[in-house]
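Good morning, colleagues. Please take a moment to look at the sequence and the structure on the screen, and then I shall go through the helix packing and the ligand site.

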Amino acid sequence: MSYSELLVTSLEMAADKMDDITEQVYALYFKASPESRDLMGHMDMLMCGRMLNEVITLIIMPDNDLEVTLKFEVKTHAANGVDLNMYLLLFNALHSVIRTTVGDGWNPEFELAWKERVDYLCGVINTP
Ligand code: HEM
């Protein structure tokens, strides 16, 4: 399976097991980044869900479409006080919830694909 097939398959396997991972992801994220909880205090679960959908879209988006979209998000978010280091924590929370939700079906190839994708996204985010 290719790198992007592994990402999509792991997301599909998680979706088969749980309808909505939004609450789990933000619970984990806010534990790792209380500053993010403060910044997002005015957002309800619907807004948080829309943001998470956009994050998942970036996880599976082809690389050639990614840079412009991601840089745009980083720029608009910076105006809301979002620091670059918060992105890794958010991606890690999503990765962790997907891994836990997939459970026994999780394998080292999924793990590697997620690690590489998160590294790639953070590389784009941290490149001026
Ligand atoms: C690549 C990662 C991210 C993507 C794709 C993304 C995407 C989005 C989207 C689509 C919205 C609008 C939600 C709506 O429909 O109402 C939003 C809002 C917001 N996001 Fe993110 N987000 C990301 C990372 C983060 C991070 C790391 C933080 C840190 C706390 C953050 C904080 C916020 C806040 C505070 C808002 C609300 C802004 C407002 O009040 O208008 N986001 N995000």
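At what angle do the axes of helix α2 and α4 cross? In this predicted model, the axis of α2, residues 22-32, comes within 10 Å of the axis of α4, and the two cross at roughly 90 degrees. On the α2 side the contact involves T22, E23, V25 and Y26, which meet M45, C48, G49 and L52 of α4. Sorted by class, this contact has five nonpolar residues, two polar and one charged.

Let me now step back to the overall architecture. The protein has seven helices and zero strands, and its pattern along the sequence reads α-α-α-α-α-α-α. Along the principal axes, the C-alpha atoms fill a box of roughly 40 × 30 × 20 Å. For 128 residues, a compact globule would have a radius of gyration near 14 Å, and the protein agrees with this because its own value is 14 Å.

I return to the packing of helices. Two packed helices are described by the angle between their axes and the distance between the axes.

The crossing of α1 past α6 is left-handed. From α1, the residues that make the contact are S10, L11, M13, A14 and K17, while α6 contributes I98, T101 and V102. By class, the contact of α1 with α6 has five nonpolar, two polar and one charged residues.

The next pair is α6 with helix α7, residues 108-125. Here the axes are 10 Å apart and the packing angle is about 160 degrees. How, then, are α6 and α7 oriented to each other, roughly parallel or roughly antiparallel? Angles over 145 degrees count as roughly antiparallel, and α6 and α7 are therefore roughly antiparallel to each other. In this case α6 passes α7 in a right-handed crossing. In the contact, Y87, L88, F91, N92 and H95 of α6 meet W114, V118, L121, C122 and I125 of α7. This contact of α6 with α7 has eight nonpolar and two polar residues, and no charged residues.

Finally, I turn to the ligand. Which of the 17 residues around the ligand come nearest? They are S36, R50, M51, E54 and M86. At least two residues of the shell come from each of α3 (34-39), α4 (45-60), α5 (63-78) and α6 (85-102). The largest share, six residues, is supplied by α4. By class, the shell around the ligand has eleven nonpolar residues, three polar and three charged.

To close, I would draw your attention again to α4: this helix meets α2 through M45, C48, G49 and L52, and α4 also supplies the largest share of the shell around the ligand. Thank you for your attention.

Definitions and conventions: Residues are numbered from 1 along each chain as its sequence is written. This is a predicted model: local features need pLDDT of at least 70, side-chain atom pairs count only at pLDDT 80 or more; totals for chains, interfaces and linings use all residues. A residue is near a molecule or strand if its C-beta atom, placed from the backbone, lies within 6 Å of it. Helices (H or I, at least four residues) and strands (E, at least two) are DSSP runs, numbered from the N terminus. Ala, Val, Leu, Ile, Met, Phe, Trp, Tyr, Cys and Pro count as nonpolar, Asp, Glu, Lys and Arg as charged, and the others, Gly among them, as polar. Axes are lines fitted to C-alpha atoms, for helices over the stretch in contact, and angles run from 0 to 180 degrees between N-to-C directions. Two residues are in contact if their C-beta atoms, placed from the backbone, lie within 7 Å. A crossing is left-handed if the near helix is turned anticlockwise from the far one by less than a right angle, and right-handed if clockwise. The radius of gyration is taken over C-alpha atoms; the globule rule is 2.2 Å times the number of residues to the power 0.38. Angles under 35 degrees count as roughly parallel, over 145 as roughly antiparallel, 65 to 115 as roughly perpendicular and the rest as oblique.
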